[in-house]
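Could you walk me through this model, one selection at a time? I have the viewer open and would like to know what to click on next and what is there.

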Amino acid sequence: MADIIEELQWRGLIAQHTDIDALRKEMNGGLITFYCGFDPTAPSLHHGHLVQLMLMRHLQNAGHRPIALVGGATGMIGDPRQSGERTLNPAKTVAEWTDKLRAQIERFLSFEGDNAAQMVNNWDWTHDVSAIDFLRDIGKYFRLGTMIAKDTVARRLASDEGISYTEFSYQVLQAYDYLTLFETRNCVLQTGGNDQWGNLVGGMDLIRKKHGASVHVLTTPIITKSDGTKFGKSEGGAIWLDSTMMTPYAFYQFWLNTDDADVVHLLKIFTMRSREEILELAKEVEEQPHLRAAQKTLAYDVTAQVHGTCAADQAVAASEALWGSGDLSAVDAQTMEAAVQGLPQGQCQSGTSTIVDLLISTGLVKGRKAARQTVASGGAYLNNVKVEDEDKPVSDEDILAGGYVLVRRGRRNLAVAKVTEK
């Protein structure tokens, strides 16, 4: 079996860790059980959680057993943020979000075989524990000085707003999760984002103090771009994994627009491509960057992992169709709706509007004279087909899914017109 630790390091998936040699030895000696927690503080996971899911997939593929913990209990509180208290969500909302996160996580793990993944909810072992029992049995192992020194807590304490006892106690609850999984499922490794280091170490220390056992923690880095800025914001905000919050087409386009300087790094982190495949794509970035083969691979693989191959295929088809090399009639209404977002938009009446009307309505030209000149010079396109007759009206056969027609001036000036009632 290949050294999974070395593979993770090559991919840039390890930031901080406890005794890495001891962890490597334990992993090479056979199956270990590990876990990663996801709190339902929003109705969807985002690209940051995707890093954790990829790490879990790599570890499972190497023969180890993953436990995905969705925090129905810790999600009621939320990990302290760098600034400001979280708004506490109603229990019903947290329960609904818990189910949504479970469905997203399940796509990435296998629940069959000798190292089948397990899905757990920390609500199951916390909701019946009394405050007195928790303070006596767990709280006694924590030292206030250590808890206060943790980065996020220290920053919040130094701020004008401070930090509530509720959020301050979050680290104890997370440590209790690790202890419970160690005691009931022999879990010996916890993974998480690098901003979770303090919480992860808290769980490791609790197990050591209560049982005298040595366990491990490992964090993934906060992903940054080549210019040093944090990776992962779109014009609409976060890169959500829920298709109702970010369409598969918009999701695909986000990854497709990756800079050449960043794409190889992101292929290592966010795809399961082999070293050989990634190195070959890196070579193509250097020799034929205009083909954007690496970006297309990254965008397709990540979209397929999150939304399925059918949605990824639709995103590719829509992307190619919009720019002239694919079949527009094959694009479904939902994908078309997502694909035309951000394009200049105008109005169209079937049986009445001409290409001249559409060029003006969408703002691709100013005035009828300019529109006619565009048609006469061969620069006007309806649904990517050149239009030579300036007086021919749009017909019902021209209307695409979602009630649109695509209008183009020249090679790159694209717009869309929404068909209105006659």
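Start by selecting Glu 277, which is partly exposed at a relative accessible area of 35%. Its side chain meets that of Arg 273 in a salt bridge, 3.4 Å from N to O. Arg 273 is partly exposed too, with a relative accessible area of 26%. Keep in mind as you click around that this is a predicted model.

Buried residues make up 50% of the 422 residues.

A search of the whole structure finds 14 salt bridges. For one of them, select Arg 156 and Glu 85, whose closest N and O atoms are 2.6 Å apart. This pair links distant parts of the chain, 71 residues apart: Arg 156 sits in helix α8, and Glu 85 in the loop between β2 and α4. Colour by accessibility here: Arg 156 is buried at 1%, whereas Glu 85 is partly exposed at 25%.

Next, pick Arg 368 and Asp 357, a salt bridge with its closest N and O atoms 3.1 Å apart. Arg 368 lies in helix α19 and Asp 357 in helix α18.

For a network of salt bridges, select Glu 6, Glu 7, Arg 11 and Arg 275 together.

Then turn to helices α15 (residues 293-307) and α16 (residues 309-322), whose axes come within 7 Å and cross at roughly 140 degrees. That angle makes α15 oblique to α16, and the crossing is right-handed.

Finish with Leu 144, Ile 148 and Leu 157, which make a nonpolar surface patch of about 260 Å².

Technical notes
Residues are numbered from 1 along each chain as its sequence is written. This is a predicted model: local features need pLDDT of at least 70, side-chain atom pairs count only at pLDDT 80 or more; totals for chains, interfaces and linings use all residues. Side-chain values use heavy atoms; hydrogens and water are left out. Patches are made of residues with over 30% relative accessible area and no salt bridge: like charges are joined within 9 Å, nonpolar side chains (Val, Leu, Ile, Met, Phe, Trp, Tyr) within 5 Å. Accessible areas come from the Shrake-Rupley method with a 1.4 Å probe; for residues, only the protein chains shown count as cover. A salt bridge is a side-chain nitrogen of Lys or Arg within 4 Å of a carboxyl oxygen of Asp or Glu. Axes are lines fitted to C-alpha atoms, for helices over the stretch in contact, and angles run from 0 to 180 degrees between N-to-C directions. Helices (H or I, at least four residues) and strands (E, at least two) are DSSP runs, numbered from the N terminus. Angles under 35 degrees count as roughly parallel, over 145 as roughly antiparallel, 65 to 115 as roughly perpendicular and the rest as oblique. A crossing is left-handed if the near helix is turned anticlockwise from the far one by less than a right angle, and right-handed if clockwise. Buried means under 20% relative accessible area, exposed over 50%, partly exposed in between (1.4 Å probe, protein chains only).
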